[in-house]
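Student: Before we go through the terms used here, please show me the structure.

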Amino acid sequence: MLTPKQTSRSMVGAFLVSSCLLLSCTQPVETHVNVIPEPAEMTLSPGVLKIDSATLFGESGQVHFVVDENASNLGEEGYQLSVNGQGVQVKAHTEAGLYYGKQTLRQLLTSEGLPYVQIADNPRFAYRGLHLDVSRHFFTKNEVKKIIRAMSYYKLNRLHMHLTDAAGWRIQIDKYPKLTTDAAFRTESDWRKWWDSGTDRKYLKEGTPGAYGGYYTKEDIRELVAYADEHHITIIPEIEFPGHSEEVFAAYPELCCAGKTYTSSDFCIGNPKTFQFMEDVLNEVMELFPSTYIHVGGDEASKAAWKTCPKCQALMKREGLKNVDELQSYMMHQAEAFLESKGRRMIGWDEIMAGGLSPEATVMCWRGEAAGFQAARMGHDVIFTPGNYLYLDFYQADPRTQPYAIGGYTPIKKVYSYNPIPKDSLAPDVAKHILGVQGNTWTEYITTPEHLEYMMFPRALAVAEIGWTPQEKRSWENFKTRVNAHIPVLQRMGLNPFTLSYELEFAMEVDTIKHEIRVYADAEKYPAEIRYTTDGSTPTASSPLYEGVIVVKDSADIRAAIFENGTLMGEPSAKRVDYHRGIGKPIHFNSKLYAGYMAGGEGALLDGYRGGLTYLDGRWQGYLDNLDCVIDMGEVTEIHSVSSRWMQLIGPGVYQPTEVELLTSEDGQTFTSQGTIPTTIAQDNADLAFQTYSFAGTWKARYIQLKAKNPKGFIFADEIVIW
């Protein structure tokens with residue numbers, strides 16, 4: 001939490017020193033370095049070495065960069081760094097370790113020189129990656145190089161390129177030239193408009209006027225691979241099988257079950273030509289990419305056509321496959337065996353686990369951690385990319401203030417909170433299979449390089465620190481100070497980062513002993529002077545200063561904002577808080593609950609905790625059916641108001657209920673309707689929207705029944721408030 005003392009602290013450059021800037025300073029000095037990721041071990045001493053960049057990275061007797069092949073104790077990417085009055089020394093076992101030591105020096109260096117420091121550093125995980133989808137929207141090799149440069153500065157070492165999908169094939173394949181001449185361009189640059197156009201969703205031949213798209217030539221790929229290698233980054237190519245492949249059939253329709261364009265997104269696994277295609281394409285991919293790993297996708301196949309395809313059914317019968325899930329597994333096994341025969345290793349999304357894998361296959365887990373832990377226990381290496389934490393195409397601030405995104409909500413604090421190996425949760429022989437983490441950027445709604453950079457940075461810096469820094473050394477409060485200092489660094493790199501939000505995050509603590517709710521505010525910005533009101537009014541420079549907690553005994557309509565030099569920055573953040581009469585009361589559901597979004601369990605609608613901006617925050621409870629619940633107040637009592645708040649975000653299929661009805665009863669048998677309130681939000685409203693359905697009156701009741709009609713998809717509520 002922020003305190004008044006913290007708000008007065010300032011951060012300038014890579015470190016703060018007193019006015020003593022002699023070569024060897026003997027007076028006490030306050031020093032704070034803004035290195036990202038935080039080194040494993042670092043000791044600062046008083047003093048500054050006056051040196052500039054040209055001297056540091058040129059020829060100088062003061063500077064020693066050493067690769068010691070005998071220093072295996074430093075690891076493959078570790079280094080030791082020393083700065084003192086005699087000069088600078090960086091020592092590593094490998095060129096990669098030396099390179100990372102130099103990146104740390106670059107981050108330490110300011111116009112005043114380098115602070116005296118001793119660093120012994122090594123990454124927590126070997127795999128520290130970012131993923132870039134270049135199919136939905138194509139990004140030039142120069143933009144990819146820009147991303148690579150930034151990645152290497154923060155010690156990220158894997159770039160996973162999603163080269164093919166049902167939006168465009170992005171890599172030249174000599175044996176199948178129509179993949180680029182016929183399937184790399186489409187009719188519409190706006191992916192959402194194109195995808196929703198139904199029968200008008202077409203690919204165009206290369207050179208067609210107005211066609212949108214592009215692809216990398218083999219020379220482009222070689223150039224990117226070489227450039228990445230210079231920056232100690234491995235590019236991992238992904239070629240999608242068996243789903244997400246609609247574009248392939250625009251060029252080679254014989255590879256889908258119907259043999260016609262625009263009929264399927266899945267390869268026909270019963271067709272031998274499919275396997276010939278797969279091997280031919282992967283051969284050419286392996287010629288270009290030296291990466292040990294080759295990603296084969298494996299996610300979200302429809303499988304519908306396979307159920308009636310004569311070729312697929314014949315293969316299933318011949319191989320004794322019981323269902324279409326096993327049919328997909330059959331293809332994954334073929335891909336795995338082929339790659340292993342070439343000395344490579346298969347990696348795929350966690351769906352590839354269905355049907356079993358050889359121990360050499362690596363699983364990339366995007367649907368949550370459970371599958372990853374299961375895979376690790378089975379002896380598979382695992383890379384975690386959970387959507388709820390590491391999808392960088394999700395909203396990073398209030399969706400109402402941000403460019404349109406697919407949904408979700410992963411502000412930088414949430415990204416940073418992710419820990420791939422929770423303490424004591426895995427035995428050492430299982431934990432060793434967790435190779436690392438990856439931040440994923442899907443580009444359905446990311447159309448320009450500027451927008452791409454805005455979504456990736458600075459959240460990629462949080463991914464970098466998760467992958468490098470020991471868990472016990474990671475601290476959000478500490479990282480927050482450093483990431484704020486790195487926004488101008490990113491801008492100097494020519495990137496367009498999100499400059500962090502003036503919004504505030506609220507956390508609540510419901511105390512049923514004291515009958516109060518304690519509210520805590522946190523900011524991404526640092527430093528942050530926070531002022532607030534509790535009556536719903538806009539805070540001013542003279543409003544109370546937030547000093548660590550706001551205590552609510554009954555109800556409060558909190559508005560809080562950051563002020564700089566007396567000026568309100570951004571829009572105030574709001575939080576409604578009610579320690580209401582329904583908290584902790586028993587609730588019975590007549591309707592079916594959906595286990596996937598139970599939030600805080602069956603009592604989540606009556607626990608006092610309010611949901612935030614995402615249905616994934618553990619406070620919103622979701623239902624696939626209508627909601628019908630009954631609350632027992634314990635005795636007949638006078639009820640004056642009942643309200644419930646609902647969310648709409650139609651991108652991921654979350655809608656307002658069409659209507660909400662309140663019923664009351666004294667005996668639990670006979671219920672009287674107290675009215676029905678319809679939604680005021682249109683179902684086609686694509687913006688994040690909330691509606692509170694409030695019933696007011698005076699009723700004698702022990703039982704309160706709330707019904708909400710689900711129009712389609714999901715409905716989500718965060719709290720039923722009873723007074």
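Student: Which residues touch the most other members of the largest nonpolar core?

Tutor: Trp169, Ile171, Phe241 and Phe277 do, in a core of 115 residues. A nonpolar core is a set of buried Ala, Val, Leu, Ile, Met, Phe, Trp, Tyr and Cys residues joined through side-chain atoms within 4.5 Å. Buried means under 20% relative accessible area, exposed over 50%, and partly exposed in between, with a 1.4 Å probe and protein chains only. Another core, of 25 residues, lies apart from it and includes Ile587 and Phe695.

Tutor: The model is predicted: local features need pLDDT of at least 70 and side-chain atom pairs 80 or more, while totals for chains, interfaces and linings use all residues. Residues are numbered from 1 along each chain as its sequence is written, and side-chain values use heavy atoms, without hydrogens and water.

Student: What makes Arg170 a residue with no salt bridge?

Tutor: A salt bridge needs a side-chain nitrogen of Lys or Arg within 4 Å of a carboxyl oxygen of Asp or Glu. The nearest side chain of opposite charge, Asp133, is 7.0 Å away, so buried Arg170 has none.

Student: Which backbone oxygen lies 3.0 Å from a polar atom of the Arg170 side chain?

Tutor: That of Val134.

Student: How do you know that the span of helix 9 is close to the expected one?

Tutor: The expected span is 1.5 Å times one less than the number of residues. Helix 9 (residues 272-288) has 17 residues and reaches 25 Å from first C-alpha to last, against 24 Å expected. Its buried residues include Phe275, Phe277 and Asp280.

Key
Lys and Arg count as positive and Asp and Glu as negative; His and the chain ends are not counted. A polar contact is a pair of N or O atoms within 3.5 Å; within protein, one must be able to donate a hydrogen and the other to accept it, and residues adjacent in sequence count only if both atoms are side-chain atoms. Helices (H or I, at least four residues) and strands (E, at least two) are DSSP runs, numbered from the N terminus.
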